[in-house]
Amino acid sequence: TAQKQSGNHYEFYASGMTVGSLNQFLLEANLRHALERSEFQVYYQPKVSLVTGEIVGAEALIRWFSSSQGFVSPVEFIPLAEETGLIVPLDEWVMTTVCTQAKQWQLADLPPLQVAVNLSGLQFHQTDLTERVTQILQRTELEPQYLELELTESVIMQNTDATIKKLDQLKTLGIQIAIDDFGTGYSSLSYLKQFSFDTLKIDRCFVQNISCDSKNAAITTAMIQMAHDLDLKVIAEGVETNSELAFLQQQACDEMQGYFFSRPVPAPEFEQLLVTGKRLAD
Ligand code: C2E
Ligand code: MG
Ligand code: MG
Ligand code: MG
């Protein structure tokens, strides 16, 4: 009946099936099959030494080319993968792919490279994470010192005691730990002395326009100084211009990453950068 129809109609909207949420629904449904359909790829963005100008590492960044929805940004699907738990097999796939790739580059006699993988909170807090990482390193035969895990402050701040233990276990494996998006997640710095990690990555928002934005300049300078005083390596993310680069070099930042040098690229293109020995111009 008309009444029932209008009732259904009401329900339809009440359940929140707007165009936006329909899109979310499809995204989630497609995400569930994306791994088995091989729709993911790992892209690599160079990390460049500000001392030698050479590529010293790579950050692995996942890309999803969905057969039905086209390219979907990780900013869109990573949160969804976290909500649904799909992030666990996904991050494991990324880590395996990246370790396999790094080993292949070593066997091809390319310069030694540290590869970094982003870990979601859900993955980090898996009770058997250390065993999983150990297994992946064994299977791929990559020496642990070439693997770095990038964790955000918010991930580390959950569950402090268990986190200290887990970071210690991971460090015992011989891998490196980086704090990603430093300065954006948590307001207390006290965690810096509680946890064992190796690298601090200054978030892009502080690096933008450092050469003319005096506040960003002050914050970035202080972060670099503090990192060095704590014996941490410091990397600036999101470097897009020559003047940002010059400022970072002046402040003795260790490494940079950003579009100025290279966007994230597929493995064969990254390999080309290594083969041709692309470096920062002095
Ligand atoms: P993130 O780990 O902080 O990665 C840096 C992001 O900045 C990447 O975005 C990268 O493409 C972008 N970027 C690099 N240089 C520049 C630059 O010069 N300018 C600008 N505007 N952007 C730059 P992307 O690839 O879209 O990834 C976004 C976030 O998604 C990552 O932030 C990370 O948190 C997450 N993510 C990406 N791949 C993975 C993954 O395999 N696993 C997990 N758990 N998270 C991932
Ligand atoms: Mg990262
Ligand atoms: Mg970051
Ligand atoms: Mg980020």
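## Polar contacts of ligand 1

A nitrogen atom of ligand 1 lies 3.4 Å from a polar backbone atom of Ser120. This contact belongs to a predicted model. The ligand also approaches Asp180, where an N or O atom of the side chain is 2.9 Å from an oxygen atom of ligand 1. Considered alone, ligand 1 exposes 800 Å², of which the protein buries 84%.

## The shell around ligand 1

There are 24 residues around ligand 1, and those that come nearest are Arg63, Asp91, Asn118, Glu240 and Tyr259. By class, the shell comprises 11 nonpolar, 8 charged and 5 polar residues.

Two or more residues of the shell are given by each of strand 2 (55-66), helix 3 (74-84), helix 4 (87-107) and strand 6 (176-182). Strand 2 provides the largest share, with 4 residues.

## The largest pocket

Ligand 1 sits in the largest pocket, which holds about 1100 Å³ of space. The lining of this pocket consists of 38 residues, and Glu59, Leu61, Pro74, Val75 and Asn118 are the closest to its centre.

At least two lining residues come from each of strand 2, helix 3, helix 4, strand 4 (114-118), strand 5 (147-152) and strand 6. The lining divides into 17 nonpolar, 12 charged and 9 polar residues.

## The second largest pocket

The second largest pocket contains about 180 Å³ of space. Its lining includes Phe124, His125, Thr127, Thr130 and Glu131, together with Asn159, Ala162, Thr163, Lys165, Lys166 and Gln169. By class, this lining has 6 polar, 3 charged and 2 nonpolar residues.

Helix 6 (129-140) and helix 8 (160-173) are the elements that give two or more residues to the lining of the second largest pocket. The largest share, 5 residues, is that of helix 8.

Conventions
Residues numbered from 1 in each chain as written. Chains lettered and ligands numbered in written order. Predicted model: local features only at pLDDT ≥ 70, side-chain atom pairs only at ≥ 80, totals over all residues. Heavy atoms only, no water. Near = heavy atom within 4 Å. Polar contact = N/O pair within 3.5 Å; in protein donor to acceptor, adjacent residues only side chain to side chain. Areas by Shrake-Rupley, 256 points an atom, 1.4 Å probe, with all protein chains shown as cover. 1 Å grid on protein atoms, 1.4 Å probe; cavity = no way out; pocket = protein on both sides within 12 Å on 5 of 7 lines; lining within 4 Å. Sits in = over half its atoms within 2 Å of the grid points. Nonpolar A, V, L, I, M, F, W, Y, C, P; charged D, E, K, R; others polar. Points joined across faces, edges and corners; volume = space filled by probe spheres on them.
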